[in-house]
Amino acid sequence: MRNFLKSSYMGIILLFIYVPIVILILFSFNNSDSMGIFTGFSDRWYHELSQQQSFLQSIIISVFTAVIATLVSTILGTLAAIGLSRARKVTQKMTLSITNIPLINADIITAVSLMMLFIALGAKFGFLTLVLAHISFDVPYVIITVLPRLRKIDPRLIEASLDLGAKPSQTLWKIILPILKPAIISAAAIAFAMSFDDFIISYFTGGDDVNVATFIYTMKRIKPFVNAFGTICIAIIGFVIIGWNGWNIYKASHEKFRKEMLKGTYKDKTMLRYEMRLAMLYHSLNNQALTDEKVKERLRTKIIYWEDKYAKGLAWAKNKKNNFILKEERRETISEISRNKFRWFTKTWKPITLVVICAGSIGLLTGVYITNNIYDLVVANWSGYITDSVINGFQQKYHVKVKYVVYDSNETLYNKLYTTKYDVMVPSDYMVAKLGGQGDLAKIDYTKLNAVDPNFHLVKPNPTFDGNIAGYDVKFNQWFNDKNVDVNYYQNNDIQFYNTCINTNDKKPPASCFDKNKTAMVNNGLLGIQNKNKIASPTINASITDYNIPLFWGDMSLVIRPSADNIAFIRNILNEENKNLPGTVAKFGVSEQAWTADRQQYIINDVYDPKNVTYSNGISWDILWKAAQAGKRVLLNNDYKNLFMIASEKNRQQVLPTTQQAADQDFNDLKTLLKYNNVALKNDEIINDVGDGRFDFAFMYNGDAIAADAGDNGEGGFANSGQGGSDHKLLITHPRFAKYDPTQEKFTNIEGTNIWSDNFVIAKNSSHQDLAYKFINYVIQHQSELTENAGYTSPYQQVMDYEINPVVTPGTEPGPMLDYNREYVPVSKWDSTLNNYVSDPIAADGPFYNGSLDDYLVNKYNILIASKN
């Protein structure tokens, strides 16, 4: 074993370094979007990379920033090193100690310090602050790279130059810089590399200029086109290294050839071998003992061959030498003429060429940067919902440019507001309440919103609607009535829409009111939830509905890999719960049904009380604790609100704790859950893990669960994972555990889930509000494209009906999301009248925002993360 380690040590190290690179390259050619299962070769992600406008813009920013920072820091660092080399030792040591602080200091400290400095100076965060920050940490790398080389310069060379009459500037250009050239090139390469992939400092100082490292880090979900980008970077680096080494080998070979030619020794060894060969043949032929004529004839033939070869070799070498001498003489003649007639040019053509190339490159990069970074509208989204095709369509229609910035969380977006200004943002509901309370948002003006396109109408919702539409016809005016629509607004501002879709005298409204291409009306379930979420300010009495326009919504779901073991595990739990039900009530259970042509599905049935009012499915969020204890692989969404939700629902049937005591109880329960090694906290990579079947139980967004099961355009997904249960659809459900009260004959203390929504808001200080309304209107018109791409639920009833259309009308196509209609509709409930699922939030369902207690929960969450890590 010891000998094996000795002989294989270097191989193991190389494998450790290069295997991840090989895997990255391999998965850049993956046919599906899975990051863990290779399904076949395809170049689709390279094509996808070319279509990712936002990502390409971040690459341009990275390259431009790195080039400018490298150029400036190389000049400053080299001059600083030269100056330090001539300083006293005390001054040199003190200066180097100060210079090295950015190298040994934590990047986060440097980043925050620079951010505070720029804020204090009143600087506008963007490209300038980004470049200045990069120069600040690049200069020390240049100094420590150039200075050791500088110390090796023989002082006598400099003294001799000065003694021979050279000026200090001539000594610098003719003696010092040529010697330092390798070190300067190395320093520039290090500075470029450090600048190009910097994240932490760029994140805090870049404003809305997002470099490629920040873009990748803040992506909601890593897509395989990032692998394609990495592969291209590796190819470029490999080409540069191979080209550089090849050029050095060529130069060394050419110099050796030149010296041998000048000495007249070129091919001497070859000619010597020929002579030795001929001498041996002559000796053998003249041997008196040799009498065989056939052998002598063969020797004569060989002698003739080698004499001919020797003669040709001599002639070739002589001709080569003559040609070389002729070229050298011609070059010397040209050089002499140039020195005499174009003396100024011979001295300056190299620096002039270098300056022209550098200036041209910087000018080209500047042009590309300006072309791609002058915007009419800046949009920030905490998640990458809006596709490039929709953004490009908007830009082409209105002849404007949009900068679309994506962040990994609402908190990241919120923190960016300290250094960046946006026109439009897409935060979640609780962040809308927070921003509205701080006075950062403008109220939505539906008159401006609907003036954008007369053929498309976004219905202004009633900000006091509570979700109750009792007393209205479920087939006709259930969407348009004086409860869920702001009737006063329409009576005073848009009487035409009022008479067309609202006040129809008990007649069915025209088809345009139900057409997703003509009208958009917020779903009743979502509107009731949003109106519970009030603006976080004691001076503002309003719900978030007045300040936002919904983009997507959904719920937090329990996802189960439908393997035989997991289904048996669920049935055992439900059998225990059935013991608490009276004989007059149906029993909890799991049924298997046909789903598609080649896959089945399991469904956990709902059990209603005898009055058919309340219901439960027997599943509690406590199942996550039981699954962890049983050794099941449990994956949890790592958002702190969602984590505390599962404990709060389990303990109190509330979507959030309302006191520190309740929060502490939830914290202790979560601490118990997270102590198991088989429990993992995941960001959006949970989609890949679930899609690849590397889990048993998962807690995730309903849209992410649909995406994990369906895969990408039929490729990948749980069905192609090869894991146990992949012949069935993922079991996606909402825990509705409840206690049955036999005296009241109903279920009580019913558990719920977190219903979230991500919404458009307009910044109060935006100077492009009219364009912001156009952008929002345009995106809402393309809701179907977005919801089918992301898998999340559209908040607009017309789009929802289209997506889960069960083909009740002959000649119509089935909805694209029909196969996932149960999962697509948040907190869904079957409606036999409509013959489809509808959203039916209960008291325990709701948004998550708790004002001042949020900070306490964040601190507790950080403790959980630290203990888990």
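How much space lies in the largest pocket? About 2,600 Å³. The legends below take this pocket and other sites in turn.

This is a predicted model, in which local features need pLDDT of at least 70, side-chain atom pairs count only at pLDDT 80 or more, and totals for chains, interfaces and linings use all residues. Residues are numbered from 1 along each chain as its sequence is written, and side-chain values use heavy atoms, with hydrogens and water left out.

**Figure 1. The largest pocket and its lining.** The lining of the largest pocket comprises 47 residues. Nearest the centre lie Ile 184, Ile 185, Ala 188, Leu 354 and Cys 358. Two or more lining residues come from each of α3 (53-85), α9 (168-196), α12 (225-263) and α15 (343-372). α9 gives the most, 17 residues. By class, the lining has 31 nonpolar, eleven polar and five charged residues. A pocket is an open set of points on a 1 Å grid over the protein atoms alone, with protein on both sides within 12 Å along at least five of seven lines; a cavity is a set where a 1.4 Å probe fits but cannot get out; lining residues have an atom within 4 Å of a point. Volume is the space filled by probe spheres set on the points, which are joined across faces, edges and corners. Helices (H or I, at least four residues) and strands (E, at least two) are DSSP runs, numbered from the N terminus. Nonpolar covers Ala, Val, Leu, Ile, Met, Phe, Trp, Tyr, Cys and Pro; charged covers Asp, Glu, Lys and Arg; the others, Gly among them, are polar.

**Figure 2. The largest cavity.** The whole structure holds seven cavities of 30 Å³ or more. The largest has about 110 Å³ of space. It is lined by 14 residues, with Ser 428, Lys 641, Tyr 701, Asn 754 and Trp 756 closest to its centre. α18 (429-437), α25 (640-652) and β17 (755-762) each supply at least two lining residues. β17 gives the most, with three. The lining of the largest cavity divides into six nonpolar, four polar and four charged residues.

**Figure 3. The second largest cavity.** About 80 Å³ of space lies here. The lining residues are Ser 54, Gln 57, Ser 58, Ile 61, Val 210, Phe 215, Lys 403, Tyr 404, Val 405 and Val 406. α3 and β2 (402-406) are the elements that give two or more of them. Six of the lining residues are nonpolar, three polar and one charged.

**Figure 4. A nonpolar surface patch.** Tyr 9, Met 10, Ile 13, Leu 14, Phe 16, Ile 17 and Tyr 18 form the patch. Together they have about 780 Å² of accessible area (Shrake-Rupley method, 1.4 Å probe; for residues, only the protein chains shown count as cover). Nonpolar side chains (Val, Leu, Ile, Met, Phe, Trp, Tyr) are joined within 5 Å, given over 30% relative accessible area and no salt bridge (a side-chain nitrogen of Lys or Arg within 4 Å of a carboxyl oxygen of Asp or Glu). Leu 14 lies in helix α1 (residues 2-27). Leu 14 counts as partly exposed because its relative accessibility is 39% (buried is under 20%, exposed over 50%, partly exposed in between).

**Figure 5. Two loop residues with positive phi.** Most residues other than glycine have a negative phi. His 399 has a positive phi, near 55°. The loop between α16 (388-398) and β2 holds His 399. At 72% relative accessibility, His 399 is exposed. Gln 653 also has a positive phi, near 55°. Gln 653 sits in the loop between α25 and α26 (660-674). With a relative accessible area of 22%, Gln 653 is partly exposed.

Technical notes
Patches are made of residues with over 30% relative accessible area and no salt bridge: like charges are joined within 9 Å, nonpolar side chains (Val, Leu, Ile, Met, Phe, Trp, Tyr) within 5 Å. Buried means under 20% relative accessible area, exposed over 50%, partly exposed in between (1.4 Å probe, protein chains only).
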